[in-house]
Amino acid sequence: MPRQLDRPDTNTLDSLLGEIRACRHCAAHLPLGPRPVAVANPAARLLIIGQAPGTRVHETGIPWNDKSGDRLREWLDIDKPTFYDPEKVAIMPMGFCYPGVLASGGDAPPRAECAPLWHERLRAHLPNVALTLLAGMYAQAYYLGKARKKNPDRDRRNLA
Ligand code: SF4
């Protein structure tokens with residue numbers, strides 16, 4: 001069987017992360033352009049699915065590198081070295097790139113095309129995840145759907 005030279009090898013996590021880094025799928029809608037932010041390692045035990053990068057995360061390329069990250073780490077009681085150890089924590093927002101702001105003010109929602117494009121493929125490389133944290137209403141709505149119960153105290157926490 002001839003080798004398929006025109007298709008990237010999507011069987012390894014490295015090649016998949018390379019594909020994600022090169023993604024331009026919704027570039028036309030991103031005010032600062034694509035800069036996908038995701039962290040994955042097959043050894044990770046905790047998977048955090050958040051909302052989308054803010055401007056600081058976009059600038060640095062470091063996920064949860066802002067006040068919401070400080071709150072999340074405090075809430076989880078996890079220090080920064082642990083949080084940023086890919087062999088412990090995988091990080092996968094609902095939208096991997098900064099989506100901009102709404103005309104009415106406030107953060108724009110994560111790009112809806114992003115999670116269906118990448119999540120399942122990325123999660124297939126995370127066989128050791130024992131706990132998935134759905135941080136924010138977009139992650140909860142996507143993964144829990146109607147099973148998501150309204151909890152005003154939790155929802156007010158605005159961790160994403
Ligand atoms: S938000 Fe997601 S789909 Fe859009 S360019 Fe970034 S990685 Fe690609």
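The protein has seven helices and three strands. Read from the N terminus, these elements follow one another as α-β-α-α-α-β-α-β-α-α. The structure is a predicted model, with an average pLDDT of 89 for the protein and a score of at least 70 for 86% of the residues. Residues 1-5 have a pLDDT under 50, and the model gives them zero contacts beyond four places in sequence. Residues 155-160 also have a pLDDT below 50, but this stretch has 12 contacts in the model beyond near neighbours in sequence.

The strands come next. β1 pairs with β2 in the parallel sense, over three bridges. β1 is also joined to β3, residues 131-134, by four bridges, and these two strands run parallel as well. Individual residues show how β1 is linked to each partner. Ile 48 has Ile 91 of β2 as its bridge partner, while the bridge partner of Ile 49 in β3 is Leu 134.

For the protein as a whole, 71% of the contacts with a separation of 6 or more are between residues 24 or more positions apart.

Of the 160 residues, 28% count as buried. In soluble globular proteins, nonpolar side chains tend to be buried together. Here the largest nonpolar core has 28 residues, and Ile 49, Ala 90, Ile 91, Met 92 and Met 94 are those with the most contacts inside it. The largest share, four residues, is supplied by α5.

Ile 91 touches Ala 38, Val 39, Ile 48, Pro 63 and Trp 64, leaving aside residues up to four places away in sequence. Ala 115 is found in helix α5. Is Ala 115 buried or exposed? Ala 115 counts as buried because 21 other C-beta atoms lie within 10 Å, where the cut-off for burial is 20 or more. Leaving aside residues up to four places away in sequence, Ala 115 touches Met 94 and Tyr 142. Tyr 142 is 27 residues from Ala 115 along the chain, and their C-alpha atoms are separated by 8.7 Å.

Most residues other than glycine have a negative phi. Trp 64 is not a glycine, yet its phi is positive, at about 55°. Asp 77, also not a glycine, has a positive phi of about 60°. Trp 64 lies in the loop between α2 (55-60) and α3 (67-76), and Asp 77 is in the loop between α3 and α4 (80-83). Their surroundings can be compared by counting neighbours. Trp 64 counts as buried because it has 28 C-beta neighbours inside 10 Å. Asp 77 has 7 C-beta neighbours inside 10 Å and therefore counts as exposed. Trp 64 is also one of the residues that Ile 91 touches.

Terms used: Residues numbered from 1 in each chain as written. Predicted model: local features only at pLDDT ≥ 70, side-chain atom pairs only at ≥ 80, totals over all residues. pLDDT = per-residue confidence, 0-100. Contact = placed C-beta atoms within 7 Å. Core = buried A, V, L, I, M, F, W, Y, C linked by C-beta atoms within 7 Å. Buried ≥ 20, exposed ≤ 12 C-beta atoms within 10 Å, placed from the backbone. Pairing = 2+ DSSP bridges.
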